[in-house]
Amino acid sequence: MSRTRLTTLAVLLAVPGAAAAAPVEALPPPKPPAIQEVAPGVGYQRIVQGRGQVVHVVRAPLGPRVSLAPVLLGGSPVRRGSLTGAMSARLGSGAVAGINGDFFSYTTNDPSGVFLAGGDLVHEPEASRSALVMLPGGGLDAVVLAMQGRFQAIDPAGATTFVPRTFQGVNRPAKRGSETIVYTPALGSATTPAGGSRYEVRIRLDAPSPLAPSTPVSGTVIATGSGGGMTIGAGHMVLTGVGSAGTALVADLPLGRRVTVTAAIAALPAGALDAIGGGPALVRNGSPIPGAGEGFTSAQTGARTSRSAVGQTGDGTRLFVTAEGPAQGSPGVTIPEQATLMAGLGARTAVAMDAGGSAQLAVRDELVIPWSGPRSLSNAVVMSYDGVTVEPPPFRLSANADRVDDATTLVVRATRPGTARVTVARKSGRPTRRLWEGRVGPGAAAVNLDPRRLRLGDGVYVVVARHVPDDGSGVTEQRRRIIFDRTLSSLNASSNATRSGRRVTARLAVRFRLLARARVTVRVRSTSGAPIATIASGRPLRPGTHVIGWNRRVRGAVVSGPVEVTVETRGRLGLSGLVRPVTLKAPPRPRPRPARP
């Protein structure tokens, strides 16, 4: 073999950190379903388009069981957090998918646009960009919103009528030389930001309430100060005047003065309680919008990168869509291409979210778009299912006592207190075995599924979790398919290499046990998955213990280093397999020839 081929083979096998011995694992299913059920009616799909573009899509039907909500990932509009961390914390309350939200500042962490959650205005909108608005009844809309905040001092005696004043920001750092900002408990901090050239007043509200759009709140000034750092506290808010804007506060709002604060948002649809910034709008009435602009630069809209979007189809189905970018090996998409993509998926309405390193999509608490050390984010949109769910079990269980997928633990979650019953039955319906019955919700229960203990033979089975909530809101259930297949077990592999002069003898022996007749394929591959050799292909074998050997040679060279041995069987229940990491020891070095006298 040439030096080039030897070097190539060495690089192929030399994977840093490869273990000399590791547990046997089951091979993943050869072809997962095109759409994987996350919750009843909620599906996830990975699509590979032309030029290798990878797109991830979560679809959820319109209905009372599925809801969308904006979430602050750091618990504050000025802190960032992890999407998967937030999803993990919300699994018990029904979170099934999450997608990154608005653009944000890397220095101050606050989002670029609106954050309205449950009727509480946490951050003001960006007037040049579309926001995603969640309408009553589950509809979505892309709307350009504008802040129209105002406050006005009140003279209870009516002797003086004060001029209405405006404020420009909500719960964010100061960004202009002269502006007024409202801070509420939603800031997530006990005090306002510190800084020079600012005057502040603390207002005790007549009744504790959120800063709801277009809903005036009244209170009394109970403290004044300068330089920031003023306590906010529950049932209070703080008005901060920066620069010359502080003059109005000094003049109008001394201690004891009554004041009314109103946070109006122009163009906010009636009844909308949730909205999150983003942009630009991508689809309107089913037609893609290739050049919405909306205050973004051509570099921002024209770059090929990973991008996320949220949309809704004509029948009400909600869409979470993230396209991979160059960081994942995909070409990436531009804004015009993203608009075409969303329209092609059936969206009647769609709005873009943040892009590039921020583009993330999680199914339950795992990212489906690969990132090495994913970026922390300001906010996200979380999809929740109000009912019972069962996390996907292994594709197969092989209860043959080889300690590889002999049994599994099912994770059953419910969002409301109630009684759950979990059963397993053949796909045909019989026999049925009760796995567990008890109280669950909100939260999870662990249910053991062991085919040997249940004395269930090989075949295709269905696990059913059924939940009856205490509040009478309706029974829900989820079904999960699973295969019991004991055909293959006890995979082991051993290797040796010896030298006699120039002659090298090397061998790999692969040993396994069959409990049913099957066609067997044995492969050796690198730890990165690259194929090295197929040492048996579709060989028909009877039940029993089998050993298949290999001389460890590829193009005449002995293969050494960490590899993976896979054994696949094809029988009446389809394809199954096991994989075991093995380190193939290099042959001894030849002895040096003795020096001539």
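On a 1 Å grid over the protein atoms alone, a pocket is an open set of points with protein on both sides within 12 Å along at least five of seven lines, while a cavity is a set where a 1.4 Å probe fits but cannot get out; lining residues have an atom within 4 Å of a point. Grid points are joined across faces, edges and corners, and a volume is the space filled by probe spheres set on the points.

This is a predicted model, in which local features need pLDDT of at least 70, side-chain atom pairs count only at pLDDT 80 or more, and totals for chains, interfaces and linings use all residues. Residues are numbered from 1 along each chain as its sequence is written, and side-chain values use heavy atoms, without hydrogens and water.

Select Pro-29, Pro-32, Pro-393, Pro-394 and Phe-395: of the 48 residues lining the largest pocket, these are the closest to its centre. The volume of this pocket is about 1200 Å³.

Next, select Leu-91, Ala-95, Val-96, Thr-389 and Arg-413, which lie nearest the centre of the largest cavity among its 15 lining residues. This cavity holds about 120 Å³ of space.

Move on to strands E36 (residues 488-500) and E37 (residues 503-514), which pair in the antiparallel sense over 11 bridges. Strands (E, at least two residues) are DSSP runs numbered from the N terminus, and two strands pair if DSSP finds at least two bridges between them. Colour Asn-496, which stands opposite Arg-507 in E37. In the hairpin turn, Gly-501 has a positive phi of about 65°.

Finish at strand E40 (residues 544-550), which pairs with E37 in the antiparallel sense over seven bridges. Here Thr-545 in E40 stands opposite Arg-513.

Key. Helix = DSSP H or I, 4+ residues; strand = E, 2+ residues; numbered from the N terminus.
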